[in-house]
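Please consider the model displayed below.

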Amino acid sequence: MKKESGYGFSTRAIHTGNEVDKETGAIQRPITLANSFQLPYDPTTMNWSSADGNLYTRNGGCNQKYLQQKIADLEGGEDCVVLASGVAALSGLFFALLKQGDHVIFSSVTYIAVYRLFHELFNTKFGVETTIVDTSDPANVAAAIRPNTKLIHIETPGNPTLQISDIEEIARIAHENGALLSVDNTFASPYNQRPLEFGADFTVESMTKYINGHGDAMGGAIIGKKEYLDIVRAQSQVNLGGVISPFNAWLIMRGSATLPLRMKQHNENAMALAAYLESLPCVSFVAYPGLESHPQHELARKQMSPGYGGVLSFGLKDADHDTHNRFVSNLKLILSAVSLGHDETLIVFLGEDDERQYLYPEQFSNGFFRLAVGLEDVEDLKEDIRQALEKTGLL
Ligand SMILES: *Cc1c(COP(=O)(O)O)cnc(C)c1O
C-alpha cells in the first residue's frame, strides 16, 4: 500500500508494509529470523554483495524490507534503508556520500555522534573538510559554502537546545550550490514534520525513539531517492554491516502502528508541561518550539504540524550543581535516563560543563534539564515536578 493510495497518515502507519502471510494466512507478517535463503540452480553468476533479492540477511532481511516500505511511505520518500540504530543510519549515509576532499557543513546543535563523526573522525581519518555552523540562521550556512561543499546536515528541532533550522531555505542554499541536504527528524517524527516535503534530499530517523515508541528496540532509517540509497545499501549495509536484526525490525513495525496516536499525546503533554514550567517562578527558561516565547516559534509553525514533539529543555534559577541533582532524585514518577520517545517520561541533567556548551545559547550555561515527555496523565507529571521542586526547596 503506497501513499498514492490516498489514505491518511494513520491508515498508512497501520497498513503499509503489512500483508496477509501467504503460507499461513496470518494477518500480521511473521518474523523471519533465518539469516540465509535458498540459492538458485546456478548461483555462480550471482553478485554476493547484492541487496536486491533474498540472499543473506545482511544484504537485506524480510522484516527490514517490510519496515522500509512503511517508513518511506510515512516520510513521503521514494526509498528507505533501515539500519541497526539511528547512528548507524547517520554514519552509513555520511560514509556512502562523502569522499576525501569533500566539504560538509553541519549544525552546531546535533546528536552527539554527529559532532564526533564530523568534528573528530571524518576530518582526521578520511580528509573530509567539516564546518560547524549555527544553522538557525540560514545566512550562516550560505556563508560557509565552499566550491567542494557536498553535504549540509541539520537537526531540527536540535538536541538538546530545541533550536529550529529552516529546512526549505537551507535546501534552497544547498541545491543552488550543488550540495545535498540531510535532516535528522528524530525529535519531530514524520507525524509532525516531513523534511522531504520542504526540499531535503534525505531524512534520517532514530527509530529507537518515537517511531518504535516503547523504549525496547533500536533502529535507524534513511529516507530519500533510490539512486543514493542504493549506494547506502551497497556500502554501509552490505559492506560495513550495520544491519538491523529481524526482531528489532518486527518490534518497530509493531510499535509504529500507533505512532500517530502516541504523537498526539506526546505533543499535548509536552505543550502542557512547557506552559506549566514557564509559569513557575523558579524556572529560568523553557525551550520548546510550541511556546510563543521560543525565538523561532513562527518558523516551527511553518514546518511542523500538527505539533512540536515531546522533548523540551528547561533551567532552574539560582540553582547550584547539587540542587539540580537533588531535584531529579526527588522525582517519583519521572525517571532519570537518556533517550526519548518512550511511553514513560525521562529526564536528564546536562551540567554546566557539557563539552558543547560553547555552542549553546547563554541561558543553557548554568546547567539544564532535557525532559522527554511521555504518555502518562499530564496532571500526574505536573504534580511530580511540583512536589520535587517543593522538596528541593525551590517552590
Ligand atoms: C537518539 C538520537 C540519535 C541516535 O539514535 P540511536 O538509535 O540511539 O543510534 C540520532 N539523532 C537524534 C536526534 C537522536 O535523538
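The account begins with the basis of the model and then turns to the sheet.

This is a predicted model, in which local features need pLDDT of at least 70 and side-chain atom pairs count only at pLDDT 80 or more, while totals for chains, interfaces and linings use all residues. Residues are numbered from 1 along each chain as its sequence is written, and side-chain values use heavy atoms, with hydrogens and water left out.

Seven strands form an open sheet in the order S1-S7-S6-S5-S4-S2-S3, and their pairing is mixed. Strands S1 (79-83) and S3 (129-133) are the edge strands, each pairing on one side only. From one strand to the next, the twist averages 20°. Strands (E, at least two residues) and helices (H or I, at least four residues) are DSSP runs numbered from the N terminus; two strands pair if DSSP finds at least two bridges between them.

S1 runs antiparallel to strand S7 (residues 220-224), and five bridges join them. Cys-80 has Ile-223 in S7 as its bridge partner.

Angles run from 0 to 180 degrees between N-to-C directions, and axes are lines fitted to C-alpha atoms, for helices over the stretch in contact.

| Helix | Strands touched | Angle between directions |
|---|---|---|
| H2 (residues 62-75) | S1, S6 (202-206), S7 | about 130° with S1 |
| H4 (residues 112-126) | S2 (103-107), S3, S4 (149-155) | about 155° with S2 |

Ser-10 is found in helix H1 (residues 9-15). Its relative accessibility is 36%, so Ser-10 counts as partly exposed (between buried, under 20% relative accessible area, and exposed, over 50%, with a 1.4 Å probe and protein chains only). Ser-10 and Ala-257 lie 247 residues apart in sequence, with a C-alpha to C-alpha distance of 7.8 Å.

Technical notes. Contact = heavy atoms within 4.5 Å.
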